[in-house]
Amino acid sequence: MLFRRRPAALVALAALLAGLAACGSSDDENGLTMYSGRIAPILSPAVKQYETASGVDVKTRYGDSPALAATLTEEGKNSPADLFFAQDAGSLDAVEKKGLLLKLPADILARVPAHFRSKTGAWVGVTGRSRVIAYGEKVKRSELPDSPLKLTDKKWKGRVGWAPRNASLQGYITALRLVEGEDVAKRWLEGMVANDVQAFDSNIPVRDAIAKGEIDLGLINHYYVAEAQAENPDYPVKVHFPPKDLGSLVNTAGIAVLASTGHKQEALGFVRQMLSGQTQRYFADSSKEYPLVAGVQAPKELTPLADIPAPNIDLAKLGDLQGTLRLMRETGAL
Amino acid sequence: MDAAAAGRALGRRLPPAARVFGVRRPPLALLGLSLVVGLAAALPALYLVFAVLDDAGGALDAVLTGRTVGLITRSLGLAAAVTAAAIAIAVPLAWLTVRSDLPGRRIWATLLTLPLVIPSYIGAYLFVSALGPRGALAGLLGVEELPSIYGFTGAFLVLTLFTYPLVLIPLRGALQRMDPSLEEAARVMGRSPRDVFRSVVLPQLAPAIGAGGVLVALYALSDFGAVSIMRFNSFTRDIYIAYESGFGRTEAAALGMVLVIVMLVLFAVYARVRAARALHRVTPGVQRPAQPVRLGAWRWPALAFCGAVAASALVLPVGMLLYWATKQISSGLELGVLAANGWHSLLAAAAAALSASLAAIVVALLSVRYPSVLTRIVERAGYAGYALPGIVVALALVFFTTRVALPLYQTLGVLVFALAIHYLPLAVSPIGASLMQVPPRLEEAARGLGRSPLAVLRTITTPLVASGVLGGAALVFLHALKELPATLLLAPIGFDTLATDVWHQTSFGFYEASAIPALLLLLIAAPPLYLLSAKGSVAS
């Protein structure tokens with residue numbers, strides 16, 4: 001019975017309260033607080049580089065970029081965060097629209113090409129990732145289409161996977177609408193659904209399904225395969241950069257400083273560090289992403305950034321996803 | 001007829017005031033406390049109201065579509081199928097592990113409850129790895145490809161196997177508290193055992209089955225992990241899509257409101273099922289423990305059944321995890337990090353279980369002993385927190401804490417508070433079910449003899465509902481152990497738990513690396529479940 005074992009229960013209760021008190025002690029005021037949609041194994045070495053250079057501590061809360069964007073929106077001016085490092089432009093854009101981001105100084109903005117940062121200067125891209133067609137061992141290189149639009153061909157029926165909830169795929173569809181027009185995007189989505197495209201939860205299961213042979217092709221971002229290859233050089237998935245119809249569109253992971261920060265100089269210092277040669281090289285080497293700052297060599301296995309036809313669109317417009325989601329729902333893609 | 005039934009029966013003919021506040025006035029302290037609990041539990045729903053009011057027109061547009069109807073229908077269909085299957089699995093298991101002489105009852109009871117601890121996204125991934133078109137089973141059978149388990153089949157299978165313990169736990173409690181003399185009387189009067197089960201045992205178990213069933217249905221409605229990996233388009237998935245698109249606060253909130261309304265309808269149906277019925281003993285004397293039923297030759301099929309459920313819900317996923325873990329161990333373990341994360345999980349989950357069960361005693365007492373419109377509102381407000389996806393509960397707490405209690409924001413206290421209100425119904429329902437089996441006249445007699453209400457609660461009511469309280473606390477503990485969205489957003493920075501560790505690994509596709517923290521979750525959950533199972537088995 002509950003009360004017959006009172007001494008044991010009391011000891012347990014005391015231990016619990018002591019534990020609560022120990023963990024409840026709150027943080028010191030000097031360090032930076034960052035919300036990050038990028039995962040710890042990739043980000044923490046870059047954070048260390050800043051901490052070593054500046055002597056300032058950084059505490060990082062990890063989460064999904066959209067959930068963190070929603071959190072920042074609900075926190076408003078009371079946010080404890082100084083920095084927001086997101087996986088995609090859409091999440092940064094959502095926070096920017098609420099007027100919660102600091103306008104970055106010109107020296108920071110100037111380091112990154114204009115189409116990899118917010119038009120208003122509220123965030124900058126740190127690294128780029130390219131859309132690719134990933135393919136498995138059953139597919140010959142010569143068979144690969146030169147454009148994602150050709151995946152509606154009967155030949156690929158039921159053999160292609162994508163992740164419709166993923167921000168990068170939605171970004172691609174938005175770009176397609178802006179550049180090729182609403183009709184082309186709509187027909188492509190209808191064609192893909194009619195061709196029995198396999199919808200997965202995110203990019204990683206698409207990649208894994210190709211590796212297992214459940215599907216043969218997948219529309220994902222290049223670095224997912226690069227990461228798997230870094231773990232296992234014989235990983236049975238390769239990437240193809242389709243040259244046509246924005247097939248290798250480059251998306252960006254970017255960073256912003258919250259307007260409510262009490263540590264503006266330190267936060268800007270952190271952004272500068274992310275755009276430094278040292279940290280840019282680190283990202284290029286470790287997660288095989290495109291460095292966005294001039295003069296830093298991209299990983300050699302990637303198609304050079306200059307050779308990827310950069311569509312003449314404002315990347316920030318990709319944040320306006322409402323129309324894309326509506327189209328995806330209408331066509332049954334989502 | 002008990003007080004609850006009297007109140008409800010009379011309520012229809014009473015003046016409005018009595019209907020709202022009840023026939024019997026609850027003590028003011030109890031009423032005050034339960035209003036506080038009810039308000040706390042209603043925070044997620046209140047937050048939705050705030051968010052929808054931002055842009056009510058847009059919210060309506062988002063909700064009033066054929067798509068919403070279609071998705072709700074799909075989700076309800078899944079929830080109904082999962083609930084039916086979970087009850088079908090849990091009823092025989094509960095009876096076998098409490099009332100029969102099944103060999104190793106206590107071990108079975110523990111093993112068969114453990115699947116509840118496996119986070120549904122891990123469970124779903126394990127099932128895809130094992131039974132997917134190109135999974136381990138296909139390899140074992142030497143076939144090229146198995147039929148797809150994606151979609152309804154997979155979501156149904158995973159949700160059923162990882163939620164049936166929600167029925168099993170309260171059911172075992174109810175079986176143990178049930179007075180065997182009724183069955184014996186029925187048998188003496190010449191009823192067949194099957195008849196006795198149908199006409200005497202089953203009606204007494206109905207509240208526990210109903211309570212567990214509602215929890216399973218709400219779990220299936222609000223689950224995101226299993227449906228997303230099994231690629232089943234559900235309503236909750238749409239709420240996540242709205243959040244992911246970055247602009248969809250109003251839309252997400254509007255969809256969340258729809259989920260709350262569906263939950264209220266579901267609950268109204270359940271309340272009818274639970275309609276007033278005296279379930280406690282009215283005869284004098286002390287309740288004897290039931291004699292275990294001898295299974296005889298039936299023990300073999302019974303063992304086979306328990307074995308089959310344990311094999312698919314526990315051995316298969318744990319086997320996969322162990323296989324991954326062995327691969328992982330060879331590349332090195334960070335024991336210090338694991339230990340710290342394990343301690344954090346244990347601490348947060350235990351604190352949440354303690355606070356939720358204390359709050360639940362208050363709510364259950366009020367709604368069972370002093371039923372009225374008001375108490376029903378308080379009780380149902382609590383279910384909103386459970387029916388909503390975790391991300392909504394987390395954002396609600398972000399919203400309110402940063403506005404009214406900023407110094408507490410992102411401290412452990414707020415995390416525990418969030419977990420407690422999120423899982424409150426898990427504790428309320430078994431406590432309520434056990435309370436319905438306690439005769440109110442015992443309490444009344446004690447009051448008549450001069451004990452204070454608090455002393456009655458402490459010395460009479462609480463010991464009698466102890467098994468319900470422990471069952472409820474265990475359910476909250478098991479859920480809080482694996483909770484993810486609120487922990488990610490509300491825990492103090494650096495307060496990593498086993499669940500967030502699993503998430504860190506899987507969000508990168510390192511499913512193998514998630515095996516060890518996932519196994520540790522099971523290890524932490526096992527001892528309390530084993531202790532709990534002692535409550536549920538008959539004295540031998």
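This note goes through a predicted model with chains A and B, point by point.

1. Composition of chain A. Chain A has 334 residues, and 51% of them count as buried. Its secondary structure comprises 12 helices and 10 strands. Among the contacts in chain A with a separation of 6 or more, 76% are between residues 24 or more positions apart.

2. Domains of chain A. The chain is divided into domain 1 (32-128 + 251-298) and domain 2 (129-249 + 322-330). Taken over C-alpha atoms, the centres of domain 1 and domain 2 of chain A are 27 Å apart. Nine residues from domain 1 of chain A and nine residues from domain 2 of chain A make up the contact. On the domain 1 side, the residues that touch domain 2 of chain A are one nonpolar, five polar and three charged.

3. Interface between the chains. On the chain B side, 43 residues are in contact with 49 residues of chain A. The elements of chain B that give two or more residues to this side are α14 (225-229), α15 (235-244), α18 (335-369), α20 (390-404), α21 (412-435), α23 (453-464), α24 (466-482) and α25 (485-490). The largest share, five residues, comes from α20(B). By residue class, the side of chain B that touches chain A has 26 nonpolar, 12 polar and five charged residues.

4. Nonpolar core. The largest nonpolar core has 282 residues, and the members that touch the most other members are L83(A), F84(A), L171(B), A352(B), A418(B) and V476(B). The element giving the most to this core is α18(B), with 18 residues. From chain A, the core draws at least three residues from each of domain 1 (32-128 + 251-298) and domain 2 (129-249 + 322-330).

5. Surroundings of F84(A). What does F84(A) contact once its neighbours within four places in sequence are left aside? The contacts of F84(A) are then Y35(A), L68(A), L72(A), L92(A), V95(A), I255(A), A256(A) and L258(A). F84(A) is also one of the residues listed above as touching the most other members of the largest nonpolar core.

6. Packing of α18(B) on α26(B). Helix α26 of chain B covers residues 498-506, and α18(B) packs with it at an angle of about 125°, the axes being 7 Å apart. The angle therefore makes α18(B) oblique to α26(B). In this contact, N341(B), G342(B) and S345(B) of α18(B) meet L498(B), A499(B) and D501(B) of α26(B). The residues of the contact divide into two nonpolar, three polar and one charged.

7. Most residues other than glycine have a negative phi. D245(A) is not a glycine, yet has a positive phi of about 50°. D245(A) lies in the loop between β8 (238-240) and β9 (250-257) of chain A. D245(A) counts as buried because 22 C-beta neighbours lie inside 10 Å. R231(B), likewise not a glycine, has a positive phi of about 60°. R231(B) is in the loop between α14 and α15 of chain B. With 21 C-beta neighbours inside 10 Å, R231(B) counts as buried. A reader checking backbone geometry may wish to look at D245(A) and R231(B).

8. End of helix α2 of chain A. A53(A) is in helix α2 (residues 40-54) of chain A, and S54(A) is in helix α2 of chain A as well. A53(A) and V160(A) are 107 residues apart in sequence and 46 Å apart in space, C-alpha to C-alpha. S54(A) and G269(A) are 215 residues apart along the chain, with their C-alpha atoms separated by 8.2 Å.

9. Loop at P304(A). P304(A) is in the loop between β10 (290-291) and α12 (322-330) of chain A. P304(A) has 10 C-beta neighbours inside 10 Å and so counts as exposed. The C-alpha atoms of P304(A) and Y290(A) are separated by 8.7 Å, with the two residues 14 apart along the chain.

Note on methods: Residues are numbered from 1 along each chain as its sequence is written. Chains are lettered from A and ligands numbered from 1 in the order in which they are written. This is a predicted model: local features need pLDDT of at least 70, side-chain atom pairs count only at pLDDT 80 or more; totals for chains, interfaces and linings use all residues. Two residues are in contact if their C-beta atoms, placed from the backbone, lie within 7 Å. Helices (H or I, at least four residues) and strands (E, at least two) are DSSP runs, numbered from the N terminus. Ala, Val, Leu, Ile, Met, Phe, Trp, Tyr, Cys and Pro count as nonpolar, Asp, Glu, Lys and Arg as charged, and the others, Gly among them, as polar. A nonpolar core is a set of buried Ala, Val, Leu, Ile, Met, Phe, Trp, Tyr and Cys residues joined through C-beta atoms within 7 Å. A residue is buried if 20 or more other C-beta atoms lie within 10 Å of its own, exposed if 12 or fewer, and partly exposed in between; C-beta atoms are placed from the backbone. Domain bounds come from an automatic or database domain assignment. Axes are lines fitted to C-alpha atoms, for helices over the stretch in contact, and angles run from 0 to 180 degrees between N-to-C directions. Angles under 35 degrees count as roughly parallel, over 145 as roughly antiparallel, 65 to 115 as roughly perpendicular and the rest as oblique.
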